[in-house]
Amino acid sequence: MLAWGDAGWGDEMARGALVTLAVAICSFAISLIIGTGTAAAKLSGFLPARLAADAYIVLMRGIPDLLIIYLLFFGGSMALMSVASVFGHTGYLELPIFATGAIAIGIASGAYTGEVIRGAFEAVPKGQIEAARACGMSGFLLFRRIQAPLALRYALPGLGNAWQVTLKETALISVIGLVEIMRQAAIASGSTQQPFTFYFVAAIAYLGLTLLSNRGFAAAEAYATRGVRRA
Amino acid sequence: MLDFALMAEAFPAILAGTGTTLKLVAGALLCGFFLAVPTALAADSRSRILRGTAAGYVLFFRGTPLLVQIFLIYYGLGQFEAVRASIFWPILREPWWCALLALSLNTGAYTGEIVRGGLQSVPAGQIEAARAAGMSGLLLYRRIIAPIALRQALPAYSNEVVSMIKATALASTITIMEITGIARTFISQTFKPIEIFLVAGAIYLVLNFFAAQLLRALERHLSPHRRPI
Amino acid sequence: MSRKLVFAALAGLFVAAAALPADAQQRTLRIGTEGAYAPWNATDTAGKLVGFEIDLGNEICKRQNIQCEWVAQAFDGIIPALVARRFDAIMAGMSITERRLETIDFSQPYAGTPSIFAVLKTSPLAAAIGPAADRVPMGEDTPARKAALDKLSAALRGKTVGVQRATIQEGFLNDFMKGVVTTRLYDTNENLLLDINAGRVDAGFASYSYWLPATEKEAGRNIAIVGNGFSGGGFGRGVGVGVRKGDAATKKIFDDGLAELKKDGTVKALALKWFKFDATVD
């Protein structure tokens, strides 16, 4: 049943796992971009930006991701076209399924990522910044040399969590027809009427991806905290 | 653009699903908590078997998507003749109990980690002081460890409650008519997904808002020392 | 390279990749189907869509000389997805009903079979409802219709019946069996079949064309098709190609294609190949 090739579902499931990984990476990239923007808005002195970021976080924390995916799937084109018409583009635009899913998960998890990044920037000790200022650094140099590397170190554990959450959330994209591992498992179990086998394989695939990325993040953390004295 | 009349019509019908949603949430949180405490204790116990079991449970339910867990329990287990002949079948036969089981096992794993974090945050000095005062065993847990751990764990637990409310939307995939299930049925009759999902989303938003406020009030109540004077 | 630049480049790339103008794709006609409703449309072990409608749709596209592409979509969102322009036509065993005609247009019908109940062979319902029997037209309130509905209600009272969400069969249960049976809504008929086998529902209600091939497979060997078939009325006028309201061009492609394929016997040949009986309608 899990045979490779056209007679079994093995190669389809493997391909599904790869699509899951790809869509998870894209979702996480979008989530990082949105999260950085949200964190910047919340840390800025500009009140409307702070309020907008707060509203975004409340919305994303309150609405199930499943609904966000459905809303973007059915309403994404409409939204895209109304944005495009502001820039003078008329005509029909659409988002492919892969992009729809990645954006939906990215938007949904961006609120969480944003809070992680904000927390990391706030955790940078004031003394470090003062010391850098005393050395004559300011503006972008200060950000690049002092704030960003330190914040990254503090953010890594949280970002690792965010990545795990994102990876699992991508299972929801199956409902709009992206053939990732969950959708593939549903197709195969419907066709063979052997649901346990395929959902179990899917579960193992997620577990494998989670464990593998845990190691990656652990290595990244070890790298980022090199030179930190441990008690 | 949006069909507001339809939204007004759909609102009471979808709102009627709130009861089912809340029952699922309450049931899952309750069962999950009873799973979480032994899990947390087992994870820190001296027995390797207990530690391994707890770690395996937490790893599986935190490392895989809830949707997979729901399908594995509902469609997966129902596939086996042995399961259908077992004494568990009257429970596993019902979509409602399967959803509750999956949600409970899921939140149990997350809550287990939260409880463990709470227990670990109890300062050793406090326990030593209690021991010096003659407390031990259950009394020590009841008077010192549990209250401090609860206070420490509450913010993380609030997040878990909110994500459980959102997670119940997945129960609609195994025929349960909670908020999302009713919304999807409404869509299949009206073909207007955006309007209906906006209504459902608003209901979830309000539910989560109240849940968060309630938990924040509890947090304030449990932390009198942090209140401004 | 500065962080901002990287973000800008990423964002630009993404928007460019995501928002392909549809003009570039307009020559390809996209057909939405479910892929979980054998033998109408299903997914084979190579992950490819196969079935009566896939063959029929491809043949129409070939004869009409247009590029076609299949898109798999869950059935309960298939009309909203058509309206949201995720594809241009629906071929998913979807019957032409008044309810659906309020939102979309249909081509002429190409096939149609009555809807009928299925139960476990070992279930007491198998005897209570009786073996598969004549088709009852639901269009008018005739004594025959009343007798069939009464018999059904008596047998099914208090039972749990599963149907696929958003189907004509769901409509039937809402219109005629409300308060008599507990309805459970499934995403696919395949999941419904799983739950009939598991004994979670007492009966399933779907098209005869779905049950018959299913009972001939391993997964359906314990299933019996029972009672009267139902057609007409809310069940519609047979299965047609769904198109967006007012999309006369796409409708014409399928109307012309179907007329030609019906005339030369292709539709019938495909029906015999996939259903093992003539499921065509005029």
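Analyst: Accessible areas here come from the Shrake-Rupley method with a 1.4 Å probe. On that basis chain A has an accessible surface of about 10,300 Å², and carbon and sulfur atoms account for 67% of this area. The model is predicted, and every value below is computed from it.

The crossing of helix 3 of chain A with helix 11 of chain B is left-handed.

On the chain A side, the residues of helix 3 that take part are A:Leu67, A:Tyr70, A:Leu71, A:Phe74, A:Gly75 and A:Met78. Facing them from helix 11 of chain B are B:Pro193, B:Ile194, B:Phe197, B:Leu198, B:Ala200, B:Gly201 and B:Tyr204. Sorted by class, this contact contains eleven nonpolar residues, two polar residues and no charged residues. Gly counts as polar in this scheme, and A:Gly75 and B:Gly201 are among the residues that meet here.

Helix 2 of chain A, residues 47-62, holds A:Arg50. A:Arg50 has a relative accessibility of 31%, so this residue counts as partly exposed; the class lies between the cut-offs of 20% and 50%. Apart from neighbours within four places in sequence, A:Arg50 touches A:Ala41, A:Lys42, A:Ser44 and A:Gly45. A:Thr38 is twelve residues from A:Arg50 in sequence, and their C-alpha atoms are 8.3 Å apart.

Chain A has eight helices and zero strands, and its C-alpha trace spans about 70 × 55 × 30 Å along the principal axes. Of its 231 residues, 50% are buried. Among contacts in chain A with a sequence separation of 6 or more, 72% are between residues 24 or more positions apart.

Chain B has eleven helices and zero strands. Its C-alpha atoms fill a box of roughly 70 × 60 × 25 Å along the principal axes. Buried residues make up 51% of the 229 residues of chain B. For contacts in chain B between residues at least 6 apart in sequence, 76% link residues at least 24 apart.

Chain C contains eleven helices and 13 strands. Its C-alpha atoms occupy a box of roughly 75 × 50 × 35 Å along the principal axes. Of the 282 residues in chain C, 57% are buried. Chain C exposes about 11,800 Å², and carbon and sulfur atoms supply 55% of that area. Of its contacts between residues at least 6 apart in sequence, 72% join residues at least 24 apart.

Confidence in chain C should be read by region. The mean pLDDT of chain C is 90, and 90% of the residues score at least 70. Helix 1 of chain C, residues 3-18, has the lowest confidence in that chain, with a mean of 55, whereas strand 5 of chain C, residues 89-90, has the highest, at 98. Residues 20-26 of chain C have a pLDDT below 50, and this stretch has seven contacts in the model beyond near neighbours in sequence.

Methods. Residues are numbered from 1 along each chain as its sequence is written. Chains are lettered from A and ligands numbered from 1 in the order in which they are written. This is a predicted model: local features need pLDDT of at least 70, side-chain atom pairs count only at pLDDT 80 or more; totals for chains, interfaces and linings use all residues. Side-chain values use heavy atoms; hydrogens and water are left out. A crossing is left-handed if the near helix is turned anticlockwise from the far one by less than a right angle, and right-handed if clockwise. Helices (H or I, at least four residues) and strands (E, at least two) are DSSP runs, numbered from the N terminus. Contact means heavy atoms within 4.5 Å. Buried means under 20% relative accessible area, exposed over 50%, partly exposed in between (1.4 Å probe, protein chains only). pLDDT is the predictor's confidence in each residue, from 0 to 100.
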